[in-house]
Amino acid sequence: MQKILMESLPAQLTVKCIIKLLRWSNIFHLLLQLTSSPTPVSPAKKRSKRVSSKRSLVWAHFDTRLRGEDPIATCKYCGQVYTYDRSTHGTSTLWHHLRFLCPQEPLKGQDPQRKNPGTPKISYSIEDCREALAEMIIIDEMPFRTVEGEGFKRYSKILQPRFDPPSRVTVARDCMQRYVKEKPKLKKILRNQRICLTTDTWTSRQNLCYMSLTAHWIDDEWNLQKRILNFCSVADHKGETLGKRVEECLLDWGIDRLFTVTVDNASSNDKLIDYLNSVSKDLNGVVLKNRFLHVRCCCHIVNLVVKSGLEEHNSSIDKIRTAVRFVRSSPARLKLFKKYAELEKVSSKSLLTLDLETRWNATYLMLESAEKFEKVFARLGKQHKPFKAYFANKEPPTADDWIIVRHILCFLKLFEKVTTRLSASLHVTSSIVFHDILLMHSKLIELVGGEDTTLSSMAYFMKLKFEKYWEQEGNLNYLLFIVVILDPRYKLEFLKFGLEILYGPDVGKAFAEKIESSLHELFGWYVETVSVSSSNRGSSQIPIHISVDTEDEENPWDMLASQFEKHMEETETEPNDSELSRYLADKREKRTKEFDILDYWKVSSNKYPVLSLLAKDVLAVPASTIPSESTFSTGGRIVDPLRCSLSTNTIEALICSQSWLHTSQSRLSVREIAEEVQSYEDIGEGIFAIMCKS
């Protein structure tokens, strides 16, 4: 109809007239449909259409079909038949059958009318809200005044309109109560564990000295655990003062099964160890009168070794450090530096980072990032006069300086990797120390006799410092060598192989014998102290009882001799080897990337019940004090310039509670943090560019 009307329209009609005609044609078409006679449809077909459009969940339990012209539903469980018609009946009868009448009762106790459970109803609890708020303040290191901020109050109202955020004083009280609540839980966990400690000291913005004490152990599920026990103030850095403070903390926690204490190489820490050794060596829980108590921080030793070499070429490093400091000293200089980088087509996204002279790996990262911008620094020296004037009494970095730095970076890459490996706190580090010592020693020997005079002299001084700590027997803890034997991929053979490389065939062989003897003595101590149920077969035998028969009363000595011979026959038929000898005789495990030493000992604990206890304690020994030092970063964020008035007890509660409540212990490396900062800067610059264009 519309087509006919359109063809008959004159061309001169306006668009408005055409729209009116189309509207009238639609009305005419609708009237034509209403007046036409409908197509006859049988009732059965109508009902069958209704049967096919099932939406209720009840139809998952019934089969539907037609019986004659009537639709019926048959229960899938018992075969009961019901007649139904949706135009006159609902599904209540079918639900009632499933809940109460069906013999199998498939929906007994369920709500038949609830199709979607939706969001569960949770009762509002102001106590739970305040407890969650305290956790947020602790874990995210937020100031107490956050809860009084206008933005937080608006956000809180959207989340839960009935919750009125408490004041900062109330939140501070809730945080302290959470600390008091969590401490007994941790104390209960530590009760039956042998503990390895790391400790270090730090001076805050308050000009107060704090001591961090961190506990390490492997739990019954063979997971490595780390918790901050104390972050307490101390009067000074003297060794005896620190030792007494550690003793107080151990008494407060009820820890008497102390195994090792890892500290750096400060002279005060030697006195700390001497004090702890004197007051705890007679405790029942210590191992062999604290023979293995003192563990020196391996990362600190690597730091001292590398710094002794860097001092020989400090002039080139100082020039580059000054150049980086110039670029990072103002936003305008950094912007100019990036402009020159674009002109030189340097596409590196790494960020120029300032280093800490006390940490050599920070110096390494500074040199690594600056080396990529050599051309940019050269252009800066030619075209920007303030850059050259910034170097007082010396020249900017020359091409020779960059060559020296590249050689140093190539040489120190191994030491940077070793520092990163030993700084880990989420996996076992004691088992990798010996391997890293071997590699560093081999690298130094190689370069001392090399043709490159720059690296040769540098390696010479590093080797002298290396030998001071790792070639003098008094500075070595045998546990770091025993743990190599307890690694089923290496065992005693690898230890002998490595010691011969370090000390030569004769000295290495003699040293290996000392370590093996210490391992047997240590294993013997564990055999004597563990319970009968955890001991090996030799230590769990039934005690011998001598019975004197009435016939042998006149000559009981013959009876005693005969019982001795019988006992010897039974003993000689039993295997005479111990768990340790069986472990050493077993075939070594294959080296794979997926190998986990904790999983191995977890599976082997049934085969070696006593040796596995020894392995659990030795593997828990941390190789560095980094876990305690990382606490100072948290302390620096909590004791910021606006919160210097916090009491020492409050600071300790916040830092310790955060360690106890954290579900994730992941740490970012310095390189990852630098890349993250660079990405934030790129985002900010991109947004600023868009705003300028608009």
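In helix α5, Glu135, Ile138 and Ile139 meet Leu654, Ser657, Gln658 and Leu661 of helix α27, where contact means heavy atoms within 4.5 Å. Helices here are DSSP runs of H or I with at least four residues, strands are runs of E with at least two, and both are numbered from the N terminus. The model is predicted, so local features need pLDDT of at least 70 and side-chain atom pairs count only at pLDDT 80 or more, while totals for chains, interfaces and linings use all residues. Residues are numbered from 1 along each chain as its sequence is written, and side-chain values use heavy atoms, with hydrogens and water left out.

Two packed helices are described by the angle between their axes and the distance between the axes. For α5 and α27 (residues 648-661), the angle is about 105° and the axes are 8 Å apart; axes are lines fitted to C-alpha atoms, for helices over the stretch in contact, and angles run from 0 to 180 degrees between N-to-C directions. The two helices α5 and α27 are therefore roughly perpendicular to each other, a class that covers 65 to 115 degrees, with angles under 35 degrees counted as roughly parallel, those over 145 as roughly antiparallel and the rest as oblique.

Helix α5 spans residues 126-139 and also holds Met136. With 25% relative accessibility, Met136 counts as partly exposed; buried means under 20% relative accessible area, exposed over 50% and partly exposed in between (1.4 Å probe, protein chains only). Not counting residues up to four places away in sequence, Met136 touches Glu141, Met142 and Phe152. The C-alpha atoms of Met136 and Cys175 are separated by 9.7 Å, and the two residues are 39 apart along the chain. Glu141, one of the residues touched by Met136, sits in the loop between α5 and α6 (150-159). Its relative accessibility is 18%, so Glu141 counts as buried. Glu141 is not a glycine, yet its phi is positive, at about 55°. Asn290 also has a positive phi, near 65°, and is a residue other than glycine. Asn290 belongs to the loop between α9 (267-280) and β8 (294-296), and counts as buried at 6% relative accessibility.

Attention now turns to the interior. In soluble globular proteins, nonpolar side chains tend to be buried together. Leaving aside neighbours within four places in sequence, Phe411 is in contact with Lys443, Leu444, Leu447, Leu455, Met458, Ala459 and Met462.

Thr631 is placed in helix α26 (residues 626-638) and counts as buried at 3% relative accessibility. Beyond its neighbours within four places in sequence, Thr631 is in contact with Ser212, Thr214, Ile228, Phe231 and Ile655. The Thr631 side chain also reaches the backbone oxygen of Pro627 at 3.3 Å.

For the protein chain as a whole, there are 28 helices and 8 strands, and buried residues make up 42% of its 694 residues. Among contacts between residues at least 6 apart in sequence, 69% join residues at least 24 apart.

Definitions and conventions. A polar contact is a pair of N or O atoms within 3.5 Å; within protein, one must be able to donate a hydrogen and the other to accept it, and residues adjacent in sequence count only if both atoms are side-chain atoms.
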